[in-house]
Amino acid sequence: MRGIPGFLLAGGRATPVSYDLKTSIEPGWGNIAVQGKIETSLENAGARSFRFDLHETFVIKKLLVNGKEAGFSFVAAEPSPLKPASKSVVVSLPPDISQGKIRVGIEYEGQLKDIPEFNTFPDQKQAMDDQVNSRMVELAGYSSWYPQFIFGQPLEVELELSLPQGWISVCSGKKLEDR
């Protein structure tokens, strides 16, 4: 496991059970602000920390574990084709919390790093389809605009969307209702 700090290896793996993210997007400014609750289960009984990935430019304003303030630090991640702008967030568990299900409360905000879309240039090394601008908002399910615990894990998502006048929604899932 080359390149992974020892304290991450000693940490616990967390598997998300559910996400409840209230996301505010300002297309004109390119800003994303999120207030969220995540239920997750810790898989390592002796772990004193767990980690998730988040977009490298986002600033965490608040992080709680089971309602208690939790310390956290960042570890830079090597860019990869599907995760070109992520950082790992290492969360220290409050002393009285061990294994089992936990509730993570998080508030964060920021702007996505400006990286060209896939296939913009021949032989392009880094690309990211996610964008927030006055022309469009695209946030992929595989990206780190939300806390990503396990890359590529399928998630069931229910999304309620409110759009500016004249905008239309397009998604790869099943549209349930249009109001």
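**View 1. Strand 3 meets strand 7.** Here 7 bridges tie strand 3 to strand 7 (residues 86-92), and the two run antiparallel. Strands here are DSSP runs of E, at least two residues long, and helices are H or I runs of at least four residues, both numbered from the N terminus. Look for R51: its bridge partner in strand 7 is V90. This is a predicted model, where local features need pLDDT of at least 70, side-chain atom pairs count only at pLDDT 80 or more, and totals for chains, interfaces and linings use all residues. Residue numbers start from 1 along each chain as its sequence is written, and side-chain values use heavy atoms, with hydrogens and water left out.

View 2. The order is 3-7-6, with antiparallel pairing; two strands count as paired if DSSP finds at least two bridges between them. Strand 3 (49-55) and strand 6 (72-76) are the edge strands, each pairing on one side only. Neighbours in this sheet are turned by 30° against each other on average, direction ignored; the axes are lines fitted to C-alpha atoms, and angles run from 0 to 180 degrees between N-to-C directions.

**View 3. Stepping back to the chain.** There's 1 helix to go with 10 strands, and the pattern along the sequence reads α-β-β-β-β-β-β-β-β-β-β. Of the 179 residues, 34% are buried (under 20% relative accessible area, 1.4 Å probe, protein chains only). Take contacts (heavy atoms within 4.5 Å) between residues at least 6 apart in sequence: 70% of them join residues at least 24 apart.

Methods: Buried means under 20% relative accessible area, exposed over 50%, partly exposed in between (1.4 Å probe, protein chains only).
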